[in-house]
Amino acid sequence: MPFTPTRPETNALQRSADRVALRIIRTCRIPRHEQEDLRQDLLTDLFARLKGFDPARGDLGAFAAACFDHRAIRLTERILRGRATMAPISLDDPQPGGQGLTIGDSVAEADGYGAWLGQPTDAFAAVERRIDLDRALGTLPAETLPLCAELTERSPHELAKASPTSRATLYRHLRELRLRLLVAGIPAAA
C-alpha cells in the first residue's frame, strides 16, 4: 500500500521545500519570485520518489530532506551551468591564447553582429545577394520603390503607425512585394 503523508506532514514538507528553495535562490542569486517554482519542482521530485519511501527504515522528514538536497544540487548546477554559457563577454576581453589580441580583434567589422554571435559569414554570398537584390529591384513596379526605401529604415510596425493608409493595406502591399521578390528569385530571409 502506498504511503500517504498526513496534513501536518504535508505542511512540514512545504516549509522544508521553501527553505531549500530560498537556499537555491541565495546560492544562484536569482530573483525571489522564483521561490514558488523552485518549491514546486522540489515537491514534484519528492512525490515522484515517494513510492521508494519505507516508513520502517526512517522518518519522512529525513527522506524528504535527502530528496530536496539532491534535487537542489542538480537545480543549482543546471542554473549555474546555464548562466556560465550565457555570461556576458566584452569585445575588449583578451582572446584565449591570442598573444594580446582582444575578442573584438577577431571579428571583422564588415562581418557585423551576426559573426559575433557565431553565425556563418560569407563575403561572396553577401555580394551575390546584393547583386540579386539590385536586379530584383529593377523588376519591381515604380510604385513599390518608395515602400522598399521606407523598409530599409523602419519596421513594418513603425510604417503602419506613421502611414495614413490602414495597417491591412500596408501588410497587403508587403505580401505582394514578397511575392514579386520571390518570383524574381529572392526568397524571404530566414
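**Exercise 1.** Which residues does Arg-39 touch, not counting residues up to four places away in sequence? Say also where Arg-39 lies, and whether it is buried or exposed.

*Solution.* Keep in mind that you are working with a predicted model.

- Step 1: Find helix 2, which covers residues 35–49; Arg-39 lies in this helix.
- Step 2: Leave out residues up to four places away in sequence, and the partners of Arg-39 are Gln-14, Ala-17, Asp-18 and Ala-21.
- Step 3: Compare accessibility with the cut-off: buried means under 20% relative accessible area. Arg-39 has 18% relative accessibility, so the residue counts as buried.

**Exercise 2.** How many aromatic pairs does the structure hold, and which parts does the pairing tie together?

*Solution.* Let's take this one ring at a time.

- Step 1: The structure holds one aromatic pair, formed by Phe-53 and Phe-63.
- Step 2: The ring centres are 5.2 Å apart and the planes make an angle of 45°. Planes under 30 degrees apart count as stacked and over 60 as edge-to-face, so this pair is tilted.
- Step 3: Phe-53 sits in the loop between helix 2 and helix 3 (60–85), while Phe-63 belongs to helix 3, so the pair links parts ten residues apart in sequence.
- Step 4: Phe-53 has a relative accessible area of 9%, so this residue is buried.

**Exercise 3.** How many helices and strands are there in the protein, and what share of its residues is buried?

*Solution.* Now step back to the whole chain.

- Step 1: Count the elements: eight helices and zero strands.
- Step 2: Of the 190 residues in the protein, 25% are buried.
- Step 3: For the surface, the accessible area is about 13,900 Å², with 57% belonging to carbon and sulfur atoms.

Terms used. Residues are numbered from 1 along each chain as its sequence is written. This is a predicted model: local features need pLDDT of at least 70, side-chain atom pairs count only at pLDDT 80 or more; totals for chains, interfaces and linings use all residues. Side-chain values use heavy atoms; hydrogens and water are left out. Helices (H or I, at least four residues) and strands (E, at least two) are DSSP runs, numbered from the N terminus. Buried means under 20% relative accessible area, exposed over 50%, partly exposed in between (1.4 Å probe, protein chains only). Contact means heavy atoms within 4.5 Å. Rings of Phe, Tyr and Trp (its six-membered ring) pair if their centres lie within 6.5 Å; planes under 30 degrees apart count as stacked, over 60 as edge-to-face and the rest as tilted. Accessible areas come from the Shrake-Rupley method with a 1.4 Å probe; for residues, only the protein chains shown count as cover.
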